[in-house]
Each structure stands twice: as structure tokens, then as C-alpha cells.
Amino acid sequence: MNPPRHLRTDRLWLRRWSAGDLAPFAALNADVRVMEHFAAALSREESDSLASRIEAHFEQHGFGLWAVEIPDVTTFAGFIGLSVPSFEAPFTPCVEIGWRLACEYWGRGYATEGARAVLDFAFTELGIDEVVSFTVPGNLRSRRVMEKIGMVRSSADDFDHPVRSGGQPPRRHVLYRIARY
Ligand SMILES: CC(C)(COP(=O)(O)OP(=O)(O)OC[C@H]1O[C@@H](n2cnc3c(N)ncnc32)[C@H](O)[C@@H]1OP(=O)(O)O)[C@@H](O)C(=O)NCCC(=O)NCCS
């Protein structure tokens with residue numbers, strides 16, 4: 001398959017990453033407000049390494065966590081997209097939808113708008129049967145986005161996320177699912 005380089009919505013351009021994204025990506029990954037629900041904020045090196053893994057994921061799977069550009073607003077607001085988790089859990093293998101935006105762009109519906117386009121792409125273009133998403137119970141913003149795009153919590157699938165930076169113990173996560181529509 002030769003997937004498109006980008007997806008467009010009314011306000012967003014979801015595109016492959018460029019070198020100019022690394023500095024603003026490091027800034028948002030260093031922001032404790034953005035990283036409140038993760039183990040820790042990221043150093044520049046950790047942020048660059050994550051960007052490399054995102055690029056490698058695109059190369060391997062043909063889809064991934066797209067960089068979010070908002071024309072006339074910013075060339076880089078964060079990412080929205082799909083990934084294949086590398087850890088094992090009762091619900092894996094699976095395709096996950098996820099998002100991370102710099103705080104100055106929160107609360108304007110951007111994550112929901114981009115996520116809807118990504119879901120459409122996953123179901124229509126990629127033919128994926130089901131998409132999941134997960135987060136810690138307290139990440140109400142992210143859970144709200146999951147609900148707004150039609151995902152439903154599967155309480156029976158709550159799980160202890162095994163991948164934690166710095167050797168931290170697994171942490172409880174809630175799982176949401178949506179089947180192809
Ligand atoms: C999660 C995130 C991407 C949402 O981005 P966003 O563009 O602000 O999302 P939207 O504007 O589309 O929707 C946010 C929804 O959360 C709601 N919300 C905001 N703060 C909330 C809170 N404290 N409690 C409950 N809901 C909240 C908003 O009101 C909105 O819902 P509404 O449209 O029904 O009013 C953004 O907050 C983010 O990047 N957070 C840090 C990274 C992160 O946690 N990523 C997810 C990891 S699983």
C-alpha cells in the first residue's frame with residue numbers, strides 16, 4: 001500500500017514529520033502540564049528519540065502518529081494518529097488512537113477533529129476492524145475526546161500498563177474501544 005502523506009480536516013493538516021518539528025515537540029514534551037498523566041516530562045534527547053520511533057513506525061506500518069499543523073495558526077501543535085502498541089496485554093495485538101497537543105491549543109476541539117479524521121482513515125482506507133485507546137483514569141480530557149469520537153469504555157479491559165519510564169511500576173489504565181463503522 002502507498003498511504004497518503006497527510007490527512008486534512010477543516011482546520012488541520014495531519015502530516016508526516018519534518019526536522020523543524022523536533023524543537024516544538026521537545027518543548028511540549030518538557031511541559032509538565034502536557035505530561036501530567038505520564039511518568040515524567042521528557043528531556044530533549046528522549047523527545048527526539050520518541051520522534052525517531054514515530055518515524056520508524058510510519059516506515060514499518062504505513063501509518064502512525066501524524067504531526068498536527070494548523071494553517072494560519074502554527075506549523076506544529078503536536079500529534080494525533082495511530083500506533084501499534086509494542087507491549088503485550090489481553091487486548092493486543094491492536095491499533096491504538098492517540099493524541100498529544102501543546103497546551104496553548106487545548107480546548108478548541110482540535111484533538112476531536114483530528115481524531116475523527118484518523119478514525120475514518122483507519123476504517124475506510126486501512127480496513128482496520130477495531131481501534132482502541134487507553135489512558136490513566138484521571139486523564140479526563142483524553143477520555144472526553146475518546147467519548148466524543150464514539151469510543152466506549154470496556155471496563156472488563158482495565159489493565160496495568162507495563163511500559164513505564166524510569167523503571168516505574170505498571171499503572172492502572174482504562175481501555176476504550178470502537179469497532180469499524
Ligand atoms: C487530551 C488532549 C489531546 C485534548 O486536546 P483538545 O484539543 O483540548 O481536545 P478537545 O478540545 O477536542 O476536547 C477536549 C474535551 O475535554 C473536555 N475537558 C477539558 N478539561 C476537562 C476536565 N478537566 N475534565 C473533563 N473534561 C474536560 C473539554 O471540555 C472538551 O470536551 P467538550 O467538547 O465536550 O467540552 C490535550 O489535552 C492533551 O494534549 N493533553 C496532554 C497529553 C495527553 O494526555 N494525551 C493523551 C494521553 S492518553
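Reply: The structure holds 0 disulfides, a disulfide being a pair of cysteine sulfur atoms within 2.5 Å. In general terms, such a link is a covalent bond between the sulfur atoms of two cysteines. Since this is a predicted model, local features need pLDDT of at least 70 and side-chain atom pairs count only at pLDDT 80 or more, while totals for chains, interfaces and linings use all residues. Residues are numbered from 1 along each chain as its sequence is written, and side-chain values use heavy atoms, with hydrogens and water left out.

Cys94 counts as buried because its relative accessibility is 12%, and Cys103 counts as buried because its value is 15%. Buried means under 20% relative accessible area, exposed means over 50%, and partly exposed lies in between, computed with a 1.4 Å probe and protein chains only.

The cis peptide bond of the model joins Thr92 and Pro93, with omega about 0°. Pro93 sits in the loop between β4 and β5; helices (H or I, at least four residues) and strands (E, at least two) are DSSP runs numbered from the N terminus. A further backbone feature belongs to Asp72, whose phi is near 70°, a positive value in a residue other than glycine. Asp72 is found in the loop between β3 and β4, and it is classed as exposed because its relative accessible area is 86%.

The interior comes next. In soluble globular proteins, nonpolar side chains tend to be buried together. The largest nonpolar core here has 48 residues, and those with the most contacts inside it are Trp17, Phe25, Trp66, Leu82, Ile97 and Val131. Such a core is a set of buried Ala, Val, Leu, Ile, Met, Phe, Trp, Tyr and Cys residues joined through side-chain atoms within 4.5 Å. At least two of its residues are supplied by each of α1 (22-29), α2 (44-61), β3 (65-70), β4 (74-83), β5 (96-101), α3, α4 (140-148) and β9 (171-179). The largest share of this core, 8 residues, comes from α3. Ile97 touches, among others, Leu82, Ala115, Val118, Leu119, Val131 and Met151, not counting residues up to four places away in sequence; contact means heavy atoms within 4.5 Å. A second, separate core of 8 residues includes Ala89, Val132, Phe134 and Phe159.

Glu69 belongs to strand β3 and is buried because its relative accessible area is 15%. Its side chain forms a polar contact of 2.6 Å with the side chain of Arg15. A polar contact is a pair of N or O atoms within 3.5 Å; within protein, one must be able to donate a hydrogen and the other to accept it, and residues adjacent in sequence count only if both atoms are side-chain atoms. Besides Arg15, the residues that Glu69 touches include Arg11, Leu12, Trp13, Thr74 and Thr75. Arg16 lies in the loop between β2 (13-15) and α1, and Arg16 is buried because its relative accessible area is 15%. The side chain of Arg16 makes a polar contact of 2.5 Å with that of Glu55 and one of 2.8 Å with that of Glu59.

The account now turns to the ligand. It is surrounded by 21 residues, of which the closest are Leu101, Gly107, Gly109, Thr112 and Lys148; a residue is near a molecule if one of its heavy atoms lies within 4 Å of it. β5, α3, β6 and α4 each supply at least two residues of this shell, and α4 gives the largest share, 6 residues. A polar side-chain atom of Lys148 lies 2.6 Å from an oxygen atom of the ligand. A ligand nitrogen atom is 2.9 Å from a polar backbone atom of Trp99, and a ligand nitrogen atom is 3.5 Å from an N or O atom in the side chain of Arg141. Of the 970 Å² of accessible area that the ligand has on its own, the protein covers 74%, as computed by the Shrake-Rupley method with a 1.4 Å probe.

Finally, Gly127 is placed in the loop between α3 (110-125) and β6 (130-135). Gly127 counts as partly exposed because its relative accessibility is 33%. Gly127 touches Ala122 and Arg180, leaving aside residues up to four places away in sequence. The C-alpha atoms of Gly127 and Ala41, 86 residues apart along the chain, are separated by 35 Å.
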